[in-house]
Amino acid sequence: MKKIRKEEIMERKIRAKWSLATWGILLAVVGVLNFGCVTMAPKKPSVLTPTDRGTVVFLDKYEFKRPPEGWLLMQNLEGGDFELGFMKFEKGDFPSQTTFMYDDKPYGGSRDLEVRAKYYCTRFLFNSGIDSRVTKQEKLTINGQDTIAFSMDGENPNRKEKAKSKIYLVKKGNRIISFVCTQWRPLNGAFSQEPFDHFEAFVSSFKFLKKDFYEEIEEKIKELKG
Amino acid sequence: MDAHNRDLYLYERLNARVLGVSMDDVITSKYFAQSLELEFPLISNVLPWMGKAYGAYSEKPPFLPDGTQNWFGRRTVVIDKRGIVRYIKDGSPDNKEILMFLLKLEKEVQGK
């Protein structure tokens with residue numbers, strides 16, 4: 001009987017060792033699989049890729065000089081009012097902040113720059129209640145494209161805030177695109193030039209790396225019509 | 001509306017025309033069209049037979065953020081040359097999708 005018990009105990013010990021070893025192997029396999037999953041998952045492409053020219057590339061679509069650290073990237077994920085932009089919360093009481101953006105669908109429908117600019121001014125910041133007026137307007141070219149640049153500022157005494165803006169409406173093929181910078185301040189706050197300098201660098205360095213949707217569809221229509 | 005206005009030149013090349021339909025009266029619609037400088041016609045459909053025909057009319061009015069009643073939901077309908085409804089989408093129009101759809105229809109018409 002004693003002999004039998006001894007054998008049983010040994011057998012149990014061996015079984016226990018084997019089951020421990022099996023669990024160990026299983027855990028190792030799971031670990032390898034998990035590790036494999038991590039390495040096999042597609043890497044999320046970086047939204048902004050730096051170049052050796054001191055600029056960044058945005059999703060292989062645009063290249064531009066980005067503002068320094070502290071400016072947050074704004075990206076439109078669902079197709080709305082703008083394509084991409086940056087914003088910065090600044091020192092001072094609310095609403096001390098500046099935003100600037102590239103918008104490929106500025107207000108209005110006219111493809112004539114002057115007509116579009118006139119209409120644009122009637123809609124810009126309308127919902128904020130800011131009584132904006134044009135303080136300066138000029139015609140120029142940006143990267144060889146006809147442009148109207150205008151500065152606007154205004155106040156909303158009820159909300160005790162004011163805004164100062166710089167807008168570029170640029171002819172791009174058959175359409176008009178825009179670059180817009182708006183600085184917000186409380187009524188007693190002072191505007192600062194530095195954010196506008198970053199905006200100017202953004203605009204003057206902005207390059208289109210790909211044909212946009214509208215250029216592509218125009219080509220398709222041309223092909224279709226012969 | 002702005003977006004349709006911007007894309008009118010492409011709609012024309014794709015042999016499509018835009019028509020806006022609203023339950024507002026003629027004077028209101030006229031003022032609305034002028035304020036947005038719309039270059040396509042608006043139909044004032046006070047008796048909402050068009051809204052009913054195209055499924056944009058709701059028996060129970062949804063309310064706009066300002067509290068006013070709105071019986072017409074936003075609906076985009078594309079009708080082909082034979083009068084057949086080919087595309088329906090509720091909510092804000094997706095102009096890129098509409099343009100791609102019109103391109104597909106034009107290819108159909110041209111047999112390509």
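This is a predicted model: local features need pLDDT of at least 70, side-chain atom pairs count only at pLDDT 80 or more; totals for chains, interfaces and linings use all residues.
User: What makes up the secondary structure of chain A?

Analyst: Chain A has 4 helices and 11 strands, where helices (H or I, at least four residues) and strands (E, at least two) are DSSP runs numbered from the N terminus.

User: Why is Ser165(A) called buried?

Analyst: Ser165(A) has a relative accessible area of 3% and therefore counts as buried, since that term means under 20%, with exposed meaning over 50% and partly exposed in between (1.4 Å probe, protein chains only). Ser165(A) is placed in strand β9 of chain A, and buried residues make up 39% of the 226 residues in that chain.

User: Which residues does Ser165(A) touch, leaving out those up to four places away in sequence?

Analyst: Among them are Phe124(A), Leu125(A), Phe150(A), Cys181(A) and Phe196(A), a contact being heavy atoms within 4.5 Å. Thr182(A) also belongs to that list, and the side chains of Ser165(A) and Thr182(A) are joined at 3.1 Å. That pair is called a polar contact because the term asks for N or O atoms within 3.5 Å, where within protein one must be able to donate a hydrogen and the other to accept it, and residues adjacent in sequence count only if both atoms are side-chain atoms.

User: Is Lys160(A) buried or exposed, and what is noted about its backbone?

Analyst: With 59% relative accessibility, Lys160(A) counts as exposed, and its phi is near 55°, a positive value in a residue other than glycine. Lys160(A) is found in the loop between β8 (145-156) and β9 (161-172) of chain A.

User: What makes Asn15(B) partly exposed?

Analyst: The relative accessible area of Asn15(B) is 39%, so the residue falls in the partly exposed class. Asn15(B), which is not a glycine, likewise has a positive phi, of about 60°, and lies in the loop between α2 (8-13) and β1 (20-22) of chain B.

User: Which peptide bond is cis, and where does its proline sit?

Analyst: The bond from Phe94(A) to Pro95(A) is cis, with omega near 5°, and Pro95(A) is in the loop between β5 (84-89) and β6 (97-103) of chain A.

User: Why is the pairing of Asp7(B) and Arg175(A) called a salt bridge?

Analyst: Their side chains meet at 3.0 Å, N to O, and the term therefore applies, as it requires a side-chain nitrogen of Lys or Arg within 4 Å of a carboxyl oxygen of Asp or Glu. The count between chain A and chain B is 4 salt bridges.

User: How many residues are in contact between the two chains, and what area is buried there?

Analyst: 20 residues of chain A are in contact with 20 residues of chain B. About 2000 Å² is buried between the chains, with carbon and sulfur atoms giving 58%; buried area is the accessible area (1.4 Å probe) that two parts lose on being put together, summed over both. In chain A, Tyr119(A), Phe213(A) and Leu224(A) lose the most area to chain B, together 30% of what that side buries.

Conventions. Residues are numbered from 1 along each chain as its sequence is written. Chains are lettered from A and ligands numbered from 1 in the order in which they are written. Side-chain values use heavy atoms; hydrogens and water are left out.
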